[in-house]
Amino acid sequence: LHTAYRRQRQMCIRDRCRNELKAYIESGFITDTVLRQYRMRLHEVLEKLCVMQPEAVRYEFEYIENSIMLGITDGIDKRLALLEKKYPQDIRVYCLYVQYYYCTNNGERIKDVLQEIKDKDIYLDSSGRQWMDVWSHAD
C-alpha cells in the first residue's frame, strides 16, 4: 500500500512538472539555451511518465514530439511504428512521422507518409486538412 501511494504521488508530481514545463515552452517567452534546457527536462520527465504509465498514450506522443524538437531521433522510428500499429487511423502518428522525416532530411519518406494518409483514408479535421495542404505543396 505504501509503495502504491508513493508511486501515485510520484506520478502526480511528474505530471505537474510536465504541465509546467509545457506551459513555459509553449508560452514563447523562452528561447535558445533556456528553451533547450526546458525541453531536455521535459524529455526526462516524459521518459519516466511513459514507463510509469504506459497506457497513457498522450505521454508517448509528447515524448516523441519533444524528442524530435530536440533533434534526438534515435529509436523514434521504432516508437512511431509501435504507435502506428496500435493507432493506424490516428492522424497524430502520421504528423509525427512527417516531423521526424523532416528533421532527418528524408523528403522521400515525407511524400510516402502523405500518400499513405490518402491511401488509408485517414480522417482529417479542418486543421488536419490545412496541415495536409501545407505539406502536400511543400517542395
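This is a predicted model: local features need pLDDT of at least 70, side-chain atom pairs count only at pLDDT 80 or more; totals for chains, interfaces and linings use all residues.

Student: Fine. Which residues are linked in a network of salt bridges?

Tutor: Asp 15, Arg 18, Lys 22 and Glu 62 are.

Student: And how many salt bridges does the structure hold?

Tutor: It holds 10.

Student: Let's go through some pairs. What do the side chains of Glu 60 and Arg 79 do?

Tutor: They meet in a salt bridge, at 2.6 Å from N to O. Glu 60 sits in helix H3 and Arg 79 in helix H4, residues 76-86, so the pair ties together parts 19 residues apart in sequence.

Student: Is Glu 60 buried or exposed?

Tutor: Buried. Its relative accessible area is 16%, and the cut-off for buried is under 20%.

Student: What does Glu 84 pair with?

Tutor: Glu 84 forms a salt bridge with Lys 120. The closest N and O atoms are 3.0 Å apart. Glu 84 lies in helix H4, while Lys 120 is in the loop between helix H6 (107-119) and helix H7 (126-136), so this bridge ties together parts 36 residues apart in sequence.

Student: How about accessibility for those two?

Tutor: Glu 84 is buried, with a relative accessible area of 16%. Lys 120 is partly exposed, at 32%.

Student: Now a local one. How far apart are Lys 111 and Glu 108 in helix H6?

Tutor: They are 3 residues apart, which means about one helical turn separates them. Their side chains meet in a salt bridge at 3.7 Å, N to O. Lys 111 is exposed, with a relative accessible area of 52%.

Student: Why can such side chains pair at all?

Tutor: Opposite charges can pair when the charged atoms come close.

Student: Which buried residue has no salt bridge?

Tutor: Arg 39 is one. The nearest side chain of opposite charge is Glu 65, and that is 6.8 Å away. The salt-bridge limit is 4 Å between a nitrogen and a carboxyl oxygen.

Student: Where is Arg 39, and what is it in contact with?

Tutor: Arg 39 is in helix H2. Leaving aside neighbours within four places in sequence, Arg 39 is in contact with Ile 25, Asn 66, Met 69 and Leu 70.

Student: Switching topic. What's the volume of the largest pocket?

Tutor: About 320 Å³. The lining has 15 residues. Lys 22, Phe 61, Glu 62, Glu 65 and Asn 66 lie nearest the centre.

Student: Which elements give two or more residues to that lining?

Tutor: Helix H1 (2-27), helix H2 (32-52), helix H3 (57-70) and helix H5 (91-103). H3 gives the most, with 5 residues.

Student: How does the lining split by class?

Tutor: There are 7 nonpolar, 2 polar and 6 charged residues. Lys 22 and Glu 62, both named for the pocket centre, also belong to the salt-bridge network.

Student: Next, Gln 99. Where is it found, and what does it touch?

Tutor: Gln 99 is found in helix H5. Not counting residues up to four places away in sequence, Gln 99 touches Glu 65, Ile 68 and Met 69. Gln 99 is partly exposed, with a relative accessible area of 23%.

Student: How far is Gln 99 from Asn 19?

Tutor: They are 80 residues apart in sequence and 22 Å apart in space, C-alpha to C-alpha.

Student: And Val 51: buried or exposed?

Tutor: Exposed, with a relative accessible area of 66%. Val 51 lies in helix H2. From Val 51 to Ala 4 is 47 residues in sequence and 15 Å in space, C-alpha to C-alpha.

Student: Zoom out. What does the secondary structure come to?

Tutor: The protein chain has 7 helices and 0 strands. Along the sequence the pattern reads α-α-α-α-α-α-α.

Student: What box do the C-alpha atoms fill?

Tutor: Roughly 55 × 35 × 30 Å, along the principal axes. Buried residues make up 35% of the 139 residues.

Student: Last one. Among contacts with a separation of 6 or more, what share comes from residues 24 or more positions apart?

Tutor: They account for 52% of those contacts in the protein chain.

Definitions and conventions:
Residues are numbered from 1 along each chain as its sequence is written. Side-chain values use heavy atoms; hydrogens and water are left out. On a 1 Å grid over the protein atoms alone, a cavity is a set of points where a 1.4 Å probe fits but cannot get out, and a pocket is an open set with protein on both sides within 12 Å along at least five of seven lines; lining residues have an atom within 4 Å of a point. Grid points are joined across faces, edges and corners, and a volume is the space filled by probe spheres set on the points. Helices (H or I, at least four residues) and strands (E, at least two) are DSSP runs, numbered from the N terminus. Ala, Val, Leu, Ile, Met, Phe, Trp, Tyr, Cys and Pro count as nonpolar, Asp, Glu, Lys and Arg as charged, and the others, Gly among them, as polar. Buried means under 20% relative accessible area, exposed over 50%, partly exposed in between (1.4 Å probe, protein chains only). Lys and Arg count as positive and Asp and Glu as negative; His and the chain ends are not counted. Contact means heavy atoms within 4.5 Å.
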